[in-house]
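Visitor: I am new to this structure. Could you walk me through how to read it?

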Amino acid sequence: MVIHISPFVQPPRAGKKRCARGSARGQEKSHYKDYLFFLIPQLFPPNSVPPHETESSRCGVPGARPSPAASPAPRPRAAAALLRPERSEVPEMKVWLLLGLLLVHEALEDVTGQHPPKNKRPKEPGENRIKPTNKKVKPKIPKIKDRDSTYSTPKTQSIMMQVLDKGRFQKPAATLSLLAGQTVELRCKGSKIGWSYPAYLDTFKDSRLSVKQNERYSQLTLVNSTSADTGEFSCWGQLCSGYICRKDEAKTGSTYIFFTEKGELFVPSSSYFDVVYLNPDRQAVVPCRVTVLSAKVTLHREFPAKEIPANGTDIVYDMKRGFVYLQPHSEHQGVVYCRAEAGGRSQISIKYQLLYVAVPSGPPSTTILASSNKVRSGDDVSVLCTVLGEPDVEVEFRWIFPGQKDERPVTIQDTWRLIHRGLGHTTRISQSVITVEDFETIDAGYYICTAQNLQGQTTVATTVEFS
């Protein structure tokens, strides 16, 4: 069915509000409602009321009666004639047309304006538009890395650079392999820099090595390098307060340099035989260091001749240190040497005597003994101070004697030697002797000896009387 509406027939417009409770929304759609009230009566008898539009629903008041002003205007007969279809089709047509008008009515409500839902007030300007919810939010726990960052130590910053040719620089790797004879230049940023390098260069005060401090950096230069210079080169910033300086752990730099030299697989040693002390309290190192990074190194016992495996439990190999005995004991003692192989060549190191230490580490174990405790005038007297300790621990002696204030001339002599006490146990005996010639009355009194090592000091005393 097709309904033709004449363009000349205009629906009547309401001149007044239809309900006392009229709102802005009703005013906006008054034109469309009037149009519907014009069309719907065409589908129903004059005395009937459309089922979807009662008087009470139109005004929003139950039982309200329409006023004469609210009644729809009489429909023109010309328009009614155009809208009236064939009588046989009227019942079915009314139902479909009514449903269509309802859909149009709903669509017009959406088009004319979006209004806030019922029971909701419009938001004030600047009001928070986030929908409040009662949903429980789990508190965010910072990651362990974030929580511990406040208490963690500062990150270490590398300050070392290697000077290349033509003014180029690069950050050195953890290990470098250079040919012997090359010049090495290392720079570390900072106004006060400390340096560490192989002990070989420091022991002999080698003139090939120079360190120069500039305003913004310090530079280490090594010329005519040899395989004996192989080792760790490191630098660090210094934090100074007056004349007292301490190491800045956050600003350091280091690199281990292998100086490869033809015919030298091992770092040369100044002697042909060396002693390594095995102490049960700390690690022991057989310093078989190589000059070629790719060299294969093994450890051997001289008698009985056999290879000593570096199993990673008792013995490990560190290319920067040598073979490390992690837990030394008496069974490790004896004469050993190392063998290195690289590029089809092999070489044997010097020999090392491993001696087990029986004396535990600690302050010196000191005794004192006088040649005589009663001395006659004109005789000579000697007082001996003795310390038994570890073979590789040095001991220093200090004396206090009666004639010291009067600057009485005396002779003091310090000596030490190693003694073997059986079963491979080795002990170092350190002694200091003070001798007084032509004994006088001012020489009588207390003779006090103080022995000191890295672990502490011990003081002993004895008396010498005038007879």
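Guide: Start with one cysteine. C449 is buried, with a relative accessible area of 0%. Keep in mind that this is a predicted model.

Visitor: Which cysteine does a disulfide join to C449?

Guide: First the general idea. A disulfide is a covalent bond between the sulfur atoms of two cysteines. Here, C449 is joined to C385, with an S to S distance of 2.1 Å. C385 is buried too, at a relative accessible area of 0%.

Visitor: Where do C385 and C449 lie?

Guide: C385 sits in strand 22 (residues 381-389) and C449 in strand 26 (residues 445-453), so the bond ties together parts 64 residues apart in sequence.

Visitor: Is the disulfide of C385 and C449 left-handed or right-handed?

Guide: Read the torsion about the S-S bond. It is about -85°, so this disulfide is left-handed.

Visitor: How many disulfides does the structure hold?

Guide: Four. Count the bonded cysteines along the chain, and the pattern is 1-2, 3-4, 5-6, 7-8. One of the links joins C240 to C245, S to S 1.9 Å. That link is right-handed, with 110° about the S-S bond.

Visitor: What about C288 and C338?

Guide: A disulfide joins them, S to S 1.8 Å. Both are buried. C288 is in the loop between strand 12 and strand 13, C338 is in strand 17, and they are 50 residues apart.

Visitor: Which residues touch the most other members of the largest nonpolar core?

Guide: C338 is one of them, along with V286, F323 and Y325, in a core of 24 residues. Several strands each supply at least two residues, including strand 12 (284-286) and strand 16 (322-325). Strand 17 gives the most, with four residues. Another core, of 19 residues, lies apart from this one, and C449 is among its members.

Visitor: How do strand 12 and strand 16 pair?

Guide: Strands of a sheet pair through backbone hydrogen bonds, either parallel or antiparallel. Strand 12 and strand 16 pair in the antiparallel sense, over three bridges. V285 has V324 in strand 16 as its bridge partner. The open sheet runs in the order 12-16-15. Its edge strands are strand 12 and strand 15 (315-318), each pairing on one side only. The twist averages 30° from one strand to the next.

Methods. Residues numbered from 1 in each chain as written. Predicted model: local features only at pLDDT ≥ 70, side-chain atom pairs only at ≥ 80, totals over all residues. Heavy atoms only, no water. Core = buried A, V, L, I, M, F, W, Y, C linked by side-chain atoms within 4.5 Å. Buried < 20%, exposed > 50% of the residue type's maximum accessible area, 1.4 Å probe, protein only. Pairing = 2+ DSSP bridges. Axes fitted to C-alpha atoms, helices over the stretch in contact; angles between N-to-C directions. Disulfide = S-S within 2.5 Å.
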